[in-house]
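I opened this entry to note what I looked up, one topic at a time. The model goes in first and my notes follow.

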Amino acid sequence: MINDLYWFSCCSFLLVFLCCTVLFLLRLKTKTFHKLVKEEEKKLPKNDSIKRSQDFYQLMNTRRTVRHFSKESFPIDIIYNIIKAAGTSPSAAHAQPWKFVIVQSAEIKNRIREIVEEEEETNYKKRMGKKWVDDLKFSKTDWVKEYITDAPYLILVFRQVSAIGENGKEEVNCYSEQCVCIAAGRLLTAIHYAGLATLTSTPLNCGPPLRDLLQRPPEEKLTLLLPVGYPLEGCLVPRLKRKLLKDLFIEL
Ligand SMILES: Cc1cc2nc3c(=O)[nH]c(=O)nc-3n(C[C@H](O)[C@H](O)[C@H](O)COP(=O)(O)O)c2cc1C
Ligand SMILES: *[C@@H]1O[C@H](CO)[C@@H](O)[C@H](O)[C@H]1NC(C)=O
């Protein structure tokens, strides 16, 4: 009798223990805990902030879009660092809805160029109105995209529209456009800070064929194609004026 009772309590205890463990593990799997850590003290003296904000503006003001690239290469570690910098961007619910594809292979660059040029020729000749073509005249661009094969690296920025959530179901990444815009801005800034140049391009209608070529999944949408390299020696850029400070903002 006592023996029976003993076994009964042992078994129920074990059962309860097992159930609790399973529940706890399930909870752990469905909920990601972010441990809180102390934010480092980074407060700067105000005079330093003034100096740094001026210096940063001056550096950014020297960035120009370049449309002709030298074939001169550079260590891929620079590209990794640039992408790491982009990866420090904020994102809604920390979804980090971006993926960067680095292309160094001449063969893949050739394929990308073929795809982009074919679409662009149709854009210029058929899809776009005269105004669009005229508006672009200042930058002397057409459908021939030498920069795609000249630049030593291409970075293609993909936006992850959705992702497999913690419950195993596909979930939309909220505000993924805004998140990727921010990360792309950092990417451009990091490229410039590293002393390299790029051309911000949004290859119209090339998303699906390029996604297939680069073997990216359907939930990833191509946002930007960026050649990264040194400007071709002696290459020209249009003389442009940027908005004056007074036209950039209103103050209330
Ligand atoms: C979303 C976006 C798309 C662009 N697409 C092209 C493009 O297809 N071809 C091109 O030559 N420049 C393109 N540009 C570059 C702009 O023409 C350039 O940024 C603008 O003229 C200002 O010059 P800056 O970048 O030298 O300051 C694009 C820029 C952005 C932000
Ligand atoms: C700001 O002020 C501090 C203390 O007065 C000084 O040590 C520092 O060099 C100043 N920084 C700049 C950029 O002038």
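I began with Ala-93, which is exposed in this predicted model. I call Ala-93 exposed because 11 other C-beta atoms lie within 10 Å, and the cut-off for that class is 12 or fewer. I placed Ala-93 in the loop between α3 and β1. I noted its positive phi of about 55°, although the residue is not a glycine.

I then looked up Tyr-175, in the loop between β4 (170–172) and α7. Tyr-175 also has a positive phi, about 55°, and is not a glycine.

I traced four strands in the order β1-β2-β6-β5, forming an open sheet with antiparallel pairing. Which strands stand at the edges? I found β1 (98–103) and β5 (197–198) there; each has a single partner strand, so one side of each is left without a neighbour in the sheet. I followed β5 to its partner β6 (residues 220–229) and found antiparallel pairing over two bridges. For Thr-198, I recorded Val-228 in β6 as the bridge partner. I also checked what packs on the sheet: helix α7 (residues 176–193) does, touching β1, β2 (153–160), β5 and β6. The direction of α7 makes about 160° with that of β2.

I turned to the nonpolar core. The largest one has 36 residues. Among those with the most contacts inside it I listed Leu-154, Leu-156, Leu-187, Leu-226 and Val-228. I noted the elements that give two or more residues to this core: α3 (76–86), β1, α4 (106–127), α6 (146–150), β2, α7 and β6. Which element gives the largest share? I found that α7 does, with seven residues.

I came back to Val-228 and left out residues up to four places away in sequence. Its contacts are then Ile-79, Ala-151, Tyr-153, Ile-155, Ile-191, Leu-196 and Thr-198.

Last, I went through the ligands. How many residues surround ligand 1? I have eleven, and the closest are Arg-64, Thr-65, Thr-141, Thr-200 and Ser-201. By class, I sorted the shell of ligand 1 into three nonpolar, six polar and two charged residues. Around ligand 2 I found Pro-45, Asn-47, Asp-48 and Lys-51. I sorted the shell of ligand 2 into one nonpolar, one polar and two charged.

Note on methods:
Residues numbered from 1 in each chain as written. Chains lettered and ligands numbered in written order. Predicted model: local features only at pLDDT ≥ 70, side-chain atom pairs only at ≥ 80, totals over all residues. Near = placed C-beta within 6 Å. Nonpolar A, V, L, I, M, F, W, Y, C, P; charged D, E, K, R; others polar. Pairing = 2+ DSSP bridges. Contact = placed C-beta atoms within 7 Å. Axes fitted to C-alpha atoms, helices over the stretch in contact; angles between N-to-C directions. Core = buried A, V, L, I, M, F, W, Y, C linked by C-beta atoms within 7 Å. Buried ≥ 20, exposed ≤ 12 C-beta atoms within 10 Å, placed from the backbone.
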